[in-house]
Amino acid sequence: MQTINSREWKRLFTAASLFTLLLGATGCYKNLLPEEKDHLSNNMNYTTETFIANLGKTNVFINVFNADYSTQPLEFTIENVRKGDKQPAPFLRDLVDTRQWKTWYNGTEKTIAEIEAKTFVQKRPILDIRPNSGEIIFWNVDSFKVPYDMYYFDVRVKNKGGERLFTNLTLDLRRPKPYDPYIYDDITGIQKPLNSGGVVKAHDVRNLRDYQQRVLTKDSVDVYFVKTGNAKNTVSFRFFNRDSTVIPLTVFDMQRWDSLYYYSPMADIRVKFGFNQRFDRDSTIVTYDIPNPFPVLTDVSGGLDMASLYFDYKRVNFGRQELGFVAVRFAILEPGEWTVAVKFRQTPKFEDD
Amino acid sequence: MRNIYLKAMALCTVFLLFAGSIALAQQKITIKGKVTDAQSHSGIPGVSILDATLKKAIAITDQNGNYSVSIESDRSLLFRFIGYEDKTVKANKAEINLTMAPAEKYLKESVIVGYTTRSKGSVTGAVSMIDKKDIQDVPVANLEQLLQGKVAGMNIQNISGAPGFGGSINIRGISQLNVTGSGDEAFLSSSNPLLVIDNVPIDYDGGIDQSMLQPGAATGPLALLPPEDIESIEVFKDAQAASLYGSRGANGVIVITTRRGNSAVPIINFNNSIFLNTPPKLRPVWGGNLERDFRTFTILNYSEYDFLAKIQLATAQFITDSLNGFYNNSTDWQGLFYQKTINSNNNLQISGGNAKMNYKANLAYQMNQGIIKNTGFNKYTANMQLNLQPNDRLRISGQLFGALGQKQRGNGGGLTGNGAGNAFSSSLLPGPSHFLEFPELRAYLENVDDNNTVNIRSYLSVEYEVLKGLRLTSATSYDYYTDTRDRFNQAFSNNNQTMIYGFVSRRGELNTRNGLVYNFTTNPENSEKAHNLLVSVFTEANIKEREDHIRDMRNGPSDFYWGPRGYSPRFYPGNPWNNATGHNVNGTHESATFHALSYAGVISYNFRTKYNLDLSYRADGNSNSGTQSRYSINPSIGVRYNFTKESIFQDLNFIDYGSIRASYGINSRPASTRVNSLGYYSIYSDYNNNPAIGPDWGIMPNPYLQSEKAFQYNFGFDASVLKGKLSVTYDTYFKKSYNILQDQFLSDVSAYNRIQVNGGAIVNYGHEMVISARPFTSAKAGGFQWNVSVNGAIARSVITELPAGIQMSRYNDGGPFYIDLARKVGRNPMSNYIYQTEGIYQYNSEVPVDPIRGVRYKTGRGNGTTYFQAGDPQWRDVNGDYFLDDRDDNMISGNPEPLIVGGLSNTWSYKNFSLNIYASYLAKRTIMNTAMTARLMKLTQPANIEYSGELGGSVNIYDLDKIDYWKNPGDKAKYPNIYYVWRNGQIQPFRADQTLWEEDGSYFKINQITLGYTFRDFAFMKKAKLRSLRAYATAFNVAIFSNYSGPNPENVSQLGRDNINGYPSARSYTAGFTAEF
């Protein structure tokens, strides 16, 4: 009897220990399961592979990477920056001073200093990338730093699930555009054909007539951008007749000089045009202090933000009073004193009939 | 060996004869008395009284338990009755009254496993049992409601309160990945278990695919089965237990056995009750001037421009024309849609017979009107059973079940979205009166949506013992359904066009099972000292047929002409009622036949009932599976060690039993369909004046598709001590479903869009525990008794594989909610893939600024101006590009599957009273409060009566003081500024795809409180020849405790999404009685 009992005890003990072992093993269920890994989609891609940038302004390329629901955060790094002949171009990764924003530009700033106070300066590589979203930025440098040319680079995208290299992204670096619309081709530096941007026309005109009562279209109004100095960032407007005689600003008798606004699509507000408006002594030139670039967000908006100015007047046209205007729309990227000269191909009539 | 038995038996007979001859010499006495139940103290009819020496029945008790026998004076009487412990009394008095105690069943209880009856002590799998006592005293529309919280590891949620509709059920977690539908009507593919009712396998859903929201009467088999007719319910959770049910058992099996006759005296049992359904507390609403002020204030202050505000006010006459009596109201619309209803439930059962022949007939009727007017469910069932055993070798059993379920869905809708939440209009509009009608309300009251399900199920089984221990079995069943759905929408409620819709479906399932069972034991006298062997082999053939027809007509001549009913232009291309993809939104005709053939075998061996081993094998083939892989194999193995049968435990009386179990098995589930394994042909435009017919390019056929499979390990432990004062069952499992069907999208050079492949895998693992205790047991009659039982299950699910080795796939949810889902390896199977809301911007200065571009964080890509400001939700910019965008700012969050579910039951009884409180609970589950989303979204159109967006429905204003929203700079609020008339279009602060709506759905619910009184020994009972009488009062669905801000954390879809149009769960109060003659 004793032996049977001890055998049973043994059996029980074995069963109990086996069971405890199995129960203990249930604590390890998690170890049987795969680790959660980051997802790196096969369909990730750069929707834009050629980045056309101009020297002399900040070039931002937004919305260029499709992560296709890969697990965030992704890490982006620029690699292997090179020229067309496969020679490395390390100068593109040199750090330069860049202007960045602390708080947003809202368009209601009273002075240029107030705008400047919203920005700060930071050292960034010339060819820059946003670390988690893959947006490409080419910071504002001049051709002393980087010659205009075609450059190539690769972008490595990483998360914990792996990495992928996007090769042969192209940076098409072109000549600076001091102002916009610019009449010179930014690849060749040659003036564009006259019928396709070789000369800047007025943005819009209304009820503009010459002395023969012919209606003048906006194509008959040429606009010239002339840089006259480097002392300050200003823009001035002058008007010239067909024979290059100066038109006094007094003809724009409906112009409300103290409340001229243009709409900024980026700030979603009507922004007051320039600062410190002043006329010269004989009222032929009006001058504004402007921030650079002007409008403030023109370069980072990819050219969306442009300033426009409407010069309003009224006259009696055969007994009927008409309101008319001449409008210019532009952006100025190169700092300095700029004069915008508006020249009519036909001498317009501002007097009443 | 056989010879020895024969000799032994002969010897015995001789001895008995001899004994009998001596007995003849004794003096006979007559003994009278009454046999009563030890617990209820009522007489037990039909108790066999045997001469203990002769083992010969000499009498039975009458219907009140009285008996009278004459017997030799020194002999003993043996009282025997099924379910009670035998009692032997010396025949030495003229009157012997005795009580019989219910048998302590423990491991002797029988369980039907794989269509074979076995003792519970030899079952190696995880089986839970529900007793008939646990499902009485409540008339419910669907039996499922009563099973909630009763089985550890079986998660039942009553996702809709509409009577007769099914809830969601799964055993041991979800094992599916496919989702159909969108928004709060998005449904996960069914993980429903197989149902076996009286040995007939039945589809749990009754052929309704939850994804097919429109057609079908949506009345499942459990809604048609009266709970009063149920004897026992067994739930098979692990692979070993379910393996013999073959390809349909992968999600577990629920085996329901209805009552049988077992009394020599016919028993007539009446159960009648009336019950009151009451709607839950309705939401407080702003009416009258409060509503008008809110609307006016919002329009004036939060429109984009003043002139737009003025246009809005000019067109919204119901707001501005406050002096007009027509618009000067404060109508409580909610009150007009809901109602209290009084209903009745009646069940009559006649049963009787003995082991040779017994019969049962059960008739049931229930009227269950819904709490939304014009909805309800009536059911009529008849269940008849006859068992014959003309001799020891032959057993014949036949059954006929017939049921009619009539469901009124009122204004129609899906499975959950059939409530009225979208129809509550502005309180400024006048309510219905003698002169006025209101289309939304009339639609609910007068539109017809009648759904009838007729079910006839017949069953015949024959068992013949060819040789000793070897039985031939044959069982055939035919289960037939007719589903019809007839809708008629009145013209005024349907854009001035009548709608007539008809759906007819006929489904039949023929199932036949033929096999051999061999029982062998080395010691027939006492199985506890023998090698016992059970071998069973069988084949099962299954033929299913289905035929669906749909008619759908619009624009009939008038509300009084419900026709014509023939031709259905909706199914012909080019008509405007087809939806964009050319498929009919209301379902299509279907005609299908399905064949399946299975071979199965089981070997069950035990030594002295102590060591048990089960081996089983089943091969299933069906006509839907890929032509290259017709059969799927389901093997399983299980062991059980009843350690208390070791002799050292014989002296330890405080232990009743104890055992440990382990099992492993593979189950499969058919995954392929005719479409994904064979492809189909489509008709294309004409070529050479002939219609061109070619393969459909949508899905590439995959003839190599295999069944979805699951393997599962289960370890269990059962023990009971102190004569059942405390018993514990514990199970833990690890289940991996693999080969799960997934879409794999193909590159466009393949011409096909996608192919379905066996690619996904999910692991479910968890622990289940049941503790039952009887802290107070009284030996005295009518003493205080307390039974308590708690069960709970922790279940986790993880995706372990996705097709083609990918780590994540995304389910594009679509409008109106766009709550995408992510399936990611290493995570729970379903997660929301949405924006992270990290609060509300208190000040404008809190909005992040893009340092490069000098502008604020905004919605959408590119250079728009939809910048954030104070009062907007603070969505996390995950990739740091200062654009909020689906592609790179969505994050995985939430888990709609609960971590813990369980139940709790308490019964007190004292004298004639008994009180039962039964509760269920759920913990850790993510709910998307999309009802709140819809409510707040609708506030953005203050000038409208009807919301004009994708969401639809009426604009009504709930009590906004109850919502913590941003009002002024500096407010730390939960919800964004609600006054977003114009900005809603700009930044969509109330978009549903954000974590703002995610809430914890934990709850504790008191399902049932029942107070019962049993009438005993009353004079009127004797006069009325009543054998027993019991009266009870029940409150069902009593209360739910939760931190969830919506109305009910249970009335949400399986994906955890609430629905503003959901049908609320009613609370019901029942008074009833059970009488037995």
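In which strand of chain B does F711(B) lie? F711(B) belongs to strand 35, residues 708-721 of chain B, where helices (H or I, at least four residues) and strands (E, at least two) are DSSP runs numbered from the N terminus. The model is predicted, so that local features need pLDDT of at least 70 and side-chain atom pairs count only at pLDDT 80 or more, while totals for chains, interfaces and linings use all residues. Residues are numbered from 1 along each chain as its sequence is written, and chains are lettered from A and ligands numbered from 1 in the order in which they are written.

F711(B) is partly exposed because 18 other C-beta atoms lie within 10 Å; a residue is buried with 20 or more such atoms, exposed with 12 or fewer, and partly exposed in between, with C-beta atoms placed from the backbone. Leaving aside residues up to four places away in sequence, F711(B) touches A239(B), G665(B), I666(B) and K736(B), contact being defined by C-beta atoms, placed from the backbone, that lie within 7 Å. N667(B), 44 residues from F711(B) in sequence, is 6.3 Å away in space, C-alpha to C-alpha.

Chain A contains 2 helices and 24 strands, and buried residues make up 30% of its 353 residues. Its C-alpha atoms fill a box of roughly 135 × 50 × 35 Å along the principal axes. Of the contacts in chain A between residues at least 6 apart in sequence, 67% join residues at least 24 apart.

Where the two chains meet, the contact takes 44 residues from chain A and 38 residues from chain B.
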